[in-house]
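The following note sets out a few points on helix packing and aromatic rings. Please read each point with the structure in view.

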Amino acid sequence: SDDKQPVYHFLFAWAGFIISLVWIYLIANEIVNLLQVFGVVVKLSDGILGITLLAWGNSIQDSVTNVTMARQGFPRMAVGACFAGPLLNMLFGIGIATIVKSVEGKTNFQLYFTQVQMFAAFFLLFSLASSLVMMSCLRFRMSRTYGVCLFILYLSFMVVVILAETKVFKIKIDGVLTVTD
């Protein structure tokens, strides 16, 4: 009969999903390539492009979604998404990269650690610790003061990381962390 779906109908959904992933991958690569060309033309390093234009472009959709959720009466969901989204991206990104290296048979690989990454890790830990302390003191109620503090922390992060990337700070770091079994 004409009302019944074919047995192979679910394959169209999977094909659409896989094709969407391929398109997202291709477009993301082209955007990164365009940013790198822009950096070469304007003489900006990949690090500065990554923490400014690429990071801002990557977080706009999350910001719009979280603000919309908060305005529609779901502030807890918006706050949860602020922390869960980047955490999920980071854990999946690092986890999948580690699995790929392990499957390739490389049990030892090196992680390069620069002073920019050191400052970024410091600010991440400081922002998480200060958020925990401030939220505990404010009884887990968001206030304008908390938002202003986070914004000031972000601006200071940007200044410090850009100064570190332009080699204003001269901190000696070993540079390589070897991960073994």
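1. A residue is called buried when its relative accessible area is under 20%, exposed when that area is over 50%, and partly exposed in between. The model discussed here is predicted.

2. A search of the whole structure finds six aromatic pairs. In one of them, the ring centres of Y8 and F12 lie 6.0 Å apart and the ring planes meet at 65 degrees, so this pair is edge-to-face. F12 has a relative accessibility of 54% and therefore counts as exposed, whereas Y8, at 47%, counts as partly exposed.

3. The rings of F123 and F157 also form an edge-to-face pair, because their centres are 5.5 Å apart and their planes stand at 70 degrees. F123 belongs to helix α4 (residues 115–137) and F157 to helix α5 (residues 144–165), so the pair ties together parts that are 34 residues apart in sequence. F123 is buried at 11% relative accessibility, and F157 is buried at 15%. Ring pairs link F122, F123, F126, Y154 and F157 into a cluster.

4. Helix α1 (residues 10–42) packs against helix α2 (residues 46–71) at an angle of about 125 degrees, and their axes are 10 Å apart. The angle makes α1 oblique to α2, and the crossing is right-handed. On the α1 side, V32, L35, Q36, F38 and G39 make the contact; on the α2 side, D46, L49, L53 and L54 do. These contact residues comprise six nonpolar, two polar and one charged.

5. I31 is also placed in helix α1. With 45% relative accessibility, I31 counts as partly exposed.

Conventions:
Residues are numbered from 1 along each chain as its sequence is written. This is a predicted model: local features need pLDDT of at least 70, side-chain atom pairs count only at pLDDT 80 or more; totals for chains, interfaces and linings use all residues. Side-chain values use heavy atoms; hydrogens and water are left out. Axes are lines fitted to C-alpha atoms, for helices over the stretch in contact, and angles run from 0 to 180 degrees between N-to-C directions. Helices (H or I, at least four residues) and strands (E, at least two) are DSSP runs, numbered from the N terminus. Angles under 35 degrees count as roughly parallel, over 145 as roughly antiparallel, 65 to 115 as roughly perpendicular and the rest as oblique. A crossing is left-handed if the near helix is turned anticlockwise from the far one by less than a right angle, and right-handed if clockwise. Contact means heavy atoms within 4.5 Å. Ala, Val, Leu, Ile, Met, Phe, Trp, Tyr, Cys and Pro count as nonpolar, Asp, Glu, Lys and Arg as charged, and the others, Gly among them, as polar. Buried means under 20% relative accessible area, exposed over 50%, partly exposed in between (1.4 Å probe, protein chains only). Rings of Phe, Tyr and Trp (its six-membered ring) pair if their centres lie within 6.5 Å; planes under 30 degrees apart count as stacked, over 60 as edge-to-face and the rest as tilted.
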